[in-house]
Amino acid sequence: MNILEVKNLTKQFGGLTATSDITMNIEKNSITAVIGPNGAGKTTFFNMITAVYKPTSGDILLNGKSLVGLKPHQVSQFGITRTFQNIRLFNDMTVLENVLVGMHQNLKSHWVGTLLQLPHIRKIEETARVEAYDILKYVGLEDYVNENAGNLAYGAQRRLEIGRAMAAKPKILLLDEPAAGMNPKETEKLTNLIYDLRSKLDVTIILIEHDMKLVMKISDFIYVLDHGELIASGKPDEIRTNNRVIEAYLGKGAVAND
Amino acid sequence: MTILSALFDKFAQSKKNQVILFIAYVVLTGLGLFLLPDSTIAFLLLLFSILILYYLKFNLRVKWVTGIVILAIIVPFIASHSDSYQTYMEVGTLVGIYCAMALGLNIVVGFAGLLDLGFIAFFAVGAYSYAIFASGQAAKFMPFGHYPLPGGTFWIFIIIGALVASLFGILLGIPVLRVRGDYLAIVTLGFGEIIRILLNNMDHPLNITNGSMGIASIKPPNFFGITIGNSSQFYYIALGIFLVVIYVVRKLEDSKLGRSWKAVRDNEIAAQAMGIPLVKTKLAAFAIGASFSGMMGVVFAAKQMFVDATSFTYLESTMVLVMVILGGMGSVPGVILGAAVVIILRTQVLTNISDWLSQMSTDYGIEIPAALSPEKMQLLIFGLLLIIFALYRTQGLIPHKNRKVDVELLKKESAAAALDREKVTSGGADS
Ligand SMILES: Nc1ncnc2c1ncn2[C@@H]1O[C@H](COP(=O)(O)OP(=O)(O)O)[C@@H](O)[C@H]1O
Ligand SMILES: [Mg+2]
């Protein structure tokens, strides 16, 4: 069953076409990778799904319902959460608070209740903190609970972004280059974490990534973008041997020379 | 401040020593004020005990009770022996009023990260809402009702002032939310000026505010038959509201809404991606921040018994902002200290300096240039302070600290919760 359907999605910035006529079907509970050279339009694609950008044309359907025209926070409330290529944490908040913000839409603690110190609100907040702590343990940040997010090392910041997104209990999780800037050991850990995440959260994952080892290892399906166009799609083995993909990555002539 | 706490760390590691030292300090400064009742310095030193209290390592509840006892009983009692009693309490009342206002602005600027240069407008709106109806002014345009309303309505007007101000906060918020950064500052500055100019001109065609004449003979509040007319009485009203405001701000800071504000401040795009509605969250900051100002506006109008637009100039907006920046953006204790420092500088230190200057000029026949008038001095001194803080202490007097949670406790609770889950699943499998 398809949880997300993208139909003829096009985005133009002035004269520049960032994505052109992209159509994708994302199966529920799958891990799908979107790959392609820099500037191919991958992040733009994520930005359209999460309503940061409005598509120039085309449609995005979540379980058959269009997301186009919604506000970013509404898309999030429909169960789509993301991480960012250029990390966007709440730097002056603690690591725990970052995760608590991730839980925002599932927290039923109205501020009026907080002011009145209603017992059930206190209970909700307490439970949320424990839950947030469990998430931090899961992404390996339990030693930094009270640290400001901005003070974390790069790899830790990436993991915190994933933790924060997990906290939202999304139906679809979009990861934009989660392994960027990580060393091989960190990347391997991350690969296992993402793979594990799918069953733990019962979530559909779409991932943009340049690390081919990671992509080939955990993806069920791969879409390849180049200059805003969808040039190939298929299972990892099909993509690995696809001529157009090799060409896009290595330049024209690479296939012939082989 | 760090020197201060370092000193205490060194000499008073144990709680017992701290208690003794603190009591000794309060007794000494209290005695000082008692013996030198007209010494502003003695009065300020006694007030300073609150700051020391903040740095002591007592239990939070003990600190609160001690602080309230000092402010509500000890300070007024000792000051009442002085000829300057009403002056001291006037300063206390002003500190309370401006603290609440600065805490309101701190929500907007410190928590939500929205620069507001016209914050005094909400104070004005609160002040006028009481002034109009608690004087004969309302009779000039209201077709029904008997005005002035009795002084007993003051208490209801505190709430009304808060509501009207938050309504204006939302009104300001709606157009302002489209702009950011410098533009936001300019639009809010304009808003503040528009409100002031409106208040100054709304005497025709319908006389609502009495224009530049201002509104006089405002009824003093009435508390079960007692007319509240002195600063020593208003002091308790200001203190009461101030305490409520601290409580509200403290609770909000660690609430879901407080986290949304900070998230929006730190990264708008990420905040939205986590399901936080931008507009609603920012409007809430404007509305709640403005409401504190509105409440204190009502108190101000009742205390002065006269309002006109000159009390709500751009300079006043800047002063509130200076309090926040000087104290430490986002830091509740910092902002309170900032407000206290600015008010005391303005009402005590600067007046003393200008008294001294005029003394000089009469004694020695020295011409004091106009640039050294207290008004100009004020701008100069606060300007210098801001520059110094921007350069050397950007975090303010008491920098903001995020609330730290007890990790050990979390660890325990997390283990307990895991055990519970296990029980549930294994129990489910058994049956
Ligand atoms: N906000 C924007 N305004 C103008 N051009 C943009 C904007 N965002 C992306 N682009 C352009 O769209 C193209 C695709 O960018 P992007 O989606 O970030 O690529 P990728 O993530 O695949 O590296 C690039 O040429 C980029 O310069
Ligand atoms: Mg990208």
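**Notes on the predicted model**

1. I begin with the metal site. The magnesium ion (ligand 2) is coordinated by OG1 of Thr43(A) and OE1 of Gln85(A), at 2.0 to 2.1 Å. Thr43(A) belongs to helix α1 (residues 42-49) of chain A, whereas Gln85(A) sits in the loop between β6 (80-82) and α3 (95-102) of chain A, so the pair ties together parts that are 42 residues apart in sequence. Thr43(A) is partly exposed, with a relative accessible area of 25%, and Gln85(A) also counts as partly exposed, at 30% relative accessibility. Since water is not among the atoms, the site may look incomplete, and please bear in mind that this is a predicted model.

2. On confidence, the average pLDDT of chain A is 91, and 97% of the residues score at least 70. Within chain A the lowest confidence falls in helix α11 (residues 254-257), with a mean of 50, while the highest is found in α3(A), at 97.

3. As to overall form, chain A contains 11 helices and 10 strands. Its radius of gyration is 19 Å, close to the 18 Å that the globule rule gives for 258 residues, so chain A is as compact as a globular protein of that length. Taken along the principal axes, the C-alpha atoms of chain A fill a box of roughly 70 × 40 × 35 Å. Of the 258 residues of chain A, 53% count as buried.

4. Chain A has an open sheet of 6 strands, in the order β6-β7-β8-β3-β9-β10 and with mixed pairing. The edges are taken by β6 and β10 (229-234) of chain A, each with a single partner strand, so one side of each is left without a neighbour in the sheet. On average, and with direction ignored, neighbouring strands of this sheet are turned by 20° against each other.

5. The loop between β9 and β10 of chain A holds His227(A), which has a positive phi of about 45° although it is not a glycine.

6. Lys169(A) has a phi near 45°, a positive value in a residue other than glycine, and its place is in the loop between α6 (154-167) and β7 (172-176) of chain A.

7. Strand β1 (residues 2-13) and strand β2 (residues 16-27) of chain A pair in the antiparallel sense over 8 bridges, and the two form a hairpin with 2 residues between them, where Gly14(A) in the turn has a positive phi of about 55°. Phe13(A) stands opposite Leu16(A) in β2(A), while the bridge partner of Leu4(A) in β2(A) is Ile26(A). β1(A) is also joined by 5 bridges to strand β4 (residues 57-62) of chain A, and these two run antiparallel; here Glu5(A) stands opposite Leu61(A) in β4(A). In a regular strand the side chains alternate between the two faces of the sheet.

8. Turning to chain B, which length should helix α6 (residues 120-133) span? At 1.5 Å a residue, its 14 residues should span 20 Å, and the end C-alpha atoms are 21 Å apart, which agrees. This helix is mostly covered, as 13 of the 14 residues of α6(B) are buried.

9. A cis peptide bond joins Tyr147(B) and Pro148(B), with omega about -5°. Pro148(B) is found in the loop between α6 and α7 (154-176) of chain B.

10. Lastly, Thr351(B) is found in helix α14 (residues 332-364) of chain B and is partly exposed, with a relative accessible area of 34%. The C-alpha atoms of Thr351(B) and Ala139(B), which are 212 residues apart along the chain, are separated by 39 Å.

Key. Residues are numbered from 1 along each chain as its sequence is written. Chains are lettered from A and ligands numbered from 1 in the order in which they are written. This is a predicted model: local features need pLDDT of at least 70, side-chain atom pairs count only at pLDDT 80 or more; totals for chains, interfaces and linings use all residues. Side-chain values use heavy atoms; hydrogens and water are left out. Helices (H or I, at least four residues) and strands (E, at least two) are DSSP runs, numbered from the N terminus. The expected span of a helix is 1.5 Å times one less than its number of residues. Buried means under 20% relative accessible area, exposed over 50%, partly exposed in between (1.4 Å probe, protein chains only). Donors are N, O and S atoms within 2.8 Å of the metal (3.2 Å for Na, K and Ca); water is not among the atoms, so sites may look incomplete. Two strands pair if DSSP finds at least two bridges between them. Axes are lines fitted to C-alpha atoms, for helices over the stretch in contact, and angles run from 0 to 180 degrees between N-to-C directions. pLDDT is the predictor's confidence in each residue, from 0 to 100. The radius of gyration is taken over C-alpha atoms; the globule rule is 2.2 Å times the number of residues to the power 0.38.
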